Amino acid sequence: MNPQFQSFAALVVVALAAAWLVRRSLAKKKHPGCGGDCGCASSEVKAAAAKIARP
């Protein structure tokens with residue numbers, strides 16, 4: 001293999017890796033329910049609060 005082909009192949013590999021990383025970082029995260037650190041109470045806390053609120 002000549003050096004020009006190796007340089008081209010290396011650039012292609014780096015470009016593909018960079019595109020994959022950018023796409024992965026911009027993709028929406030799919031979480032069931034709340035699924036993140038949004039500050040909302042968890043389902044366990046909500047269930048406990050509902051039990052306490054019932055007379």
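Predicted model: local features only at pLDDT ≥ 70, side-chain atom pairs only at ≥ 80, totals over all residues.
I started with Met1 and found that Met1 is exposed, with a relative accessible area of 80%. Exposed means over 50%, buried under 20% and partly exposed in between, using a 1.4 Å probe and protein chains only. Residues are numbered from 1 along each chain as its sequence is written, and side-chain values use heavy atoms, leaving out hydrogens and water.

Next I looked up where Met1 sits: in the segment before α1 (3–26). Helices here are DSSP runs (H or I, at least four residues), strands are E runs of at least two, and both are numbered from the N terminus. The chain has 2 helices and 0 strands.

How far apart are the end C-alpha atoms of α1? I got 35 Å, which agrees with the 34 Å that 24 residues should span at 1.5 Å a residue. That expected span is 1.5 Å times one less than the number of residues.

Is α1 tucked away or in the open? Of its 24 residues, the number buried is 0, so α1 lies largely in the open. For the chain, buried residues make up 0% of the 55 residues.
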